Amino acid sequence: MGKLPTFIGIGAPKTATTFLDSCLRQHPDVFMSTSKEPHYFSKFSDSYLGEYQKFFEGADGPQQIGEISTTYLHSPIAPERIHRLIPDVKLFVSVRNPADQVYSHYWQAKRHNFYQSDSRCVTATFPEAVQRYPERLIEAARYAKHLKRWLDLFDASKIHIIFYEDIQRDARGVLRELFRFLGIADEVDIPCLRNEGRVVLGGVRPRSERVEKLYGKFYVGLNNYVFWPLKRRIGYKNAMRLKDALKVRSVLGRIFFVKGYPPASQEDRRLIIEMLETDIGEMEIITGRDLREWRK
């Protein structure tokens, strides 16, 4: 049987998971999935297990093996599937002020053309989008709701919670705690720790409304007529490797998007906080942490 992860990062999206993935890849005691975010346990059937295990080929004996997929935390099926296949796996989750997370996720979702199946909402404003697409934009920020499902299956000692705000304040300290949790050397000199001032990726926005519509059509065509047929022909792992080698995402980003997006208004922030107030309170109970900063 092929190798499987000894640890998994389960999300949430837009909570510095790219930074965490990068740092773990640089650690000498870690072997990370050859493709970032394989999403096996949330999006693919058991028949793809062999394809999934290929992402960990090349892992050396004593290394800890891991992956991060941001869809796992809020997936209704991932907890049971992971527990059934890897019951002793270590899990870590990163969370963030929901107002910031949802707003950042909205701009990323626009880049991924999240409204492609709904002609009513091609250029929705942020308030319109969260009201029309709560499953796509809000659900991932219901941290307490989803953590309860994981805690029903895994002992609390197997789940390490990371706060995005702590990464901003002390990235080195957060990583040291994560490395200790994973049972690997916590005093290491890796490149990501030499650039602590930039621990997260900056967001992007479409160049214009017209360009956004054009990108939407191009994105659908690329997926339906190129990427998915390629996956069926050469396998998921090879298709992802080719996509990464061609730097498809970065090329499309340069063509259709520009860096940065406008700050959330106080009204937008209040909308999200009110929608998630109950969940924030439950997170305080689960973590034992005062989250008043999330209500600002």
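Alanine 156 is exposed, with a relative accessible area of 51%. The cut-off for exposed is over 50%, so alanine 156 counts as exposed at its 51%. Alanine 156 sits in the loop that links H8 and S5. Leucine 91 is 65 residues away from alanine 156 in sequence, yet the two C-alpha atoms are 9.7 Å apart in space. The model is a predicted one.

**Overall make-up**

The protein has 296 residues, and 49% of them count as buried. Its secondary structure comprises 14 helices and 7 strands. The exposed surface comes to about 14,600 Å². Carbon and sulfur atoms supply 51% of that area. Among contacts with a separation of 6 or more, 79% are between residues 24 or more positions apart.

**The sheet**

Five strands form an open sheet with parallel pairing. Their order is S2-S3-S1-S4-S5. The edges are strand S2 (30-32) and strand S5 (159-163). Each has a single partner strand, so one side of each is left without a neighbour in the sheet. From one strand to the next, the twist averages 25°.

Strand S4 covers residues 90-95.

S4 runs parallel to S5, and 5 bridges join the two. S4 also pairs with strand S1 (residues 7-9), again in the parallel sense, over 3 bridges.

| Residue | Facing residue | Strands joined and bridges |
|---|---|---|
| Phenylalanine 7 | Lysine 90 | S1 and S4, 3 bridges |
| Phenylalanine 92 | Histidine 160 | S4 and S5, 5 bridges |
| Valine 95 | Phenylalanine 163 | S4 and S5, 5 bridges |

**Glutamate 37**

Glutamate 37 is placed in the loop between S2 and helix H2 (40-43). Is glutamate 37 buried or exposed? Its relative accessibility is 16%, so glutamate 37 counts as buried. The cut-off for buried is under 20%.

Which side chains make polar contacts with glutamate 37? One is lysine 36, at 2.9 Å. Another is histidine 39, at 3.4 Å. Glutamate 67 is 30 residues from glutamate 37 along the chain, and their C-alpha atoms are separated by 6.8 Å.

**Helix H13**

Helix H13 spans residues 266-275. Its buried residues are Asp268, Arg269, Leu271, Ile272 and Ile273. What covers them includes H5, helix H6 (126-132) and H14.

Arginine 269 belongs to H13. At 16% relative accessibility, arginine 269 counts as buried. What does arginine 269 contact, leaving aside its neighbours within four places in sequence? The residues are Asn97, Ala99, Asp100, Ala264 and Lys296.

**Helix H14**

Helix H14 takes in residues 277-287. Its buried residues are Asp279, Ile280 and Met283. They cover an arc of only 100° around the axis, so they lie on the same side of H14. Thr278 and Ile285 are exposed on the other side of H14.

Which elements cover the buried residues of H14? They include S4, helix H5 (98-111) and helix H8 (143-151).

Just after H14 comes glycine 288. Glycine 288 takes a positive phi of about 70°.

Technical notes:
Residues numbered from 1 in each chain as written. Predicted model: local features only at pLDDT ≥ 70, side-chain atom pairs only at ≥ 80, totals over all residues. Heavy atoms only, no water. Helix = DSSP H or I, 4+ residues; strand = E, 2+ residues; numbered from the N terminus. Buried < 20%, exposed > 50% of the residue type's maximum accessible area, 1.4 Å probe, protein only. Contact = heavy atoms within 4.5 Å. Areas by Shrake-Rupley, 256 points an atom, 1.4 Å probe, with all protein chains shown as cover. Pairing = 2+ DSSP bridges. Axes fitted to C-alpha atoms, helices over the stretch in contact; angles between N-to-C directions. Polar contact = N/O pair within 3.5 Å; in protein donor to acceptor, adjacent residues only side chain to side chain. Arc of directions from axis to C-beta.
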